[in-house]
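Reader: Hi! I'm new to this one, could you walk me through it?
Author: Happy to. Let's bring it up and start from the inside.

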Amino acid sequence: LAQPRRPAGVTVALAADNARLTLETGVTTVRDLGASNETDYAMRDLINMGRMVGPRMFVAGQGLSAPRDGAPKPDYGQLAEARVTAGSDWVKVYGSRGSYQSVDTTQTLTYEEMKAAVDAAHAKSRPVAIHSYGPSGVKDAVRAGADSIEHGIDLDDETIADMARRGTWYVPTIDHNRFYAEHA
């Protein structure tokens, strides 16, 4: 986090060794749910063209999140369509807070906002991953039709049963969460 931002081309070039090493360990497919400057699109496309060695990549580009500093709320359906048009295989939605800087689980998008993004992505045949730590955000993400829930903690039995009924994938990222908690 303390490193300065790099130009997209530099990031892709530096990531090439990691892509090759990932494939060499036997991992043949990865999902990247949050790259800036379309670096994940570039890597996916270079791998598909045979110009970079790495696993097959399913990518989301920049995720959709709540505006900061009082900016007006966007149309999440339009944002999801824009991600698909840009080249996303998945649409990533940030439904709550929760990151290295803060393990706060505050829900940041409403059910309706999540549903608009999910409906727009599904209309374009793209799955949706919703990042949500807290139980209320996970419950709304599942109800909205998310294909996967990223991170979710403190899930109740009703939400877990709803996920099973709908076939929603759960990606708990246990080590990821442990790292955040230990280094908060």
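Reader: Which residues does V91 touch, leaving out those up to four places away in sequence?
Author: This is a predicted model, and in it V91 touches L64, A80, R83, V84, A121, P127, V128 and A129.

Reader: And how many residues does the largest nonpolar core have?
Author: That core has 23 residues. V91 is among those with the most contacts inside it, along with L64, V93, V128, I130 and I149.

Reader: Nice. Which element gives the most to this core?
Author: That's α4, with 5 residues. The elements giving two or more residues are α3, β3, α4, β4 and α5.

Reader: What about another core, apart from that one?
Author: There is one of 9 residues, including V12, A15, I47 and M52.

Reader: Switching to helices: at what angle do α1 and α2 pack?
Author: Helix α1 (residues 8-24) and helix α2 (residues 39-48) pack at about 50 degrees, and their axes are 10 Å apart. The crossing is right-handed.

Reader: Which residues meet there?
Author: From α1 you have A8, T11, V12, A15 and A19, and from α2 T39, A42, M43 and L46. Of the residues in this contact, 7 are nonpolar, 2 are polar and none is charged.

Reader: Last one: where is A161?
Author: A161 sits in helix α6, residues 157-166. With 38% relative accessibility, A161 counts as partly exposed.

Technical notes: Residues are numbered from 1 along each chain as its sequence is written. This is a predicted model: local features need pLDDT of at least 70, side-chain atom pairs count only at pLDDT 80 or more; totals for chains, interfaces and linings use all residues. Side-chain values use heavy atoms; hydrogens and water are left out. Axes are lines fitted to C-alpha atoms, for helices over the stretch in contact, and angles run from 0 to 180 degrees between N-to-C directions. Helices (H or I, at least four residues) and strands (E, at least two) are DSSP runs, numbered from the N terminus. A crossing is left-handed if the near helix is turned anticlockwise from the far one by less than a right angle, and right-handed if clockwise. Contact means heavy atoms within 4.5 Å. Ala, Val, Leu, Ile, Met, Phe, Trp, Tyr, Cys and Pro count as nonpolar, Asp, Glu, Lys and Arg as charged, and the others, Gly among them, as polar. Buried means under 20% relative accessible area, exposed over 50%, partly exposed in between (1.4 Å probe, protein chains only). A nonpolar core is a set of buried Ala, Val, Leu, Ile, Met, Phe, Trp, Tyr and Cys residues joined through side-chain atoms within 4.5 Å.
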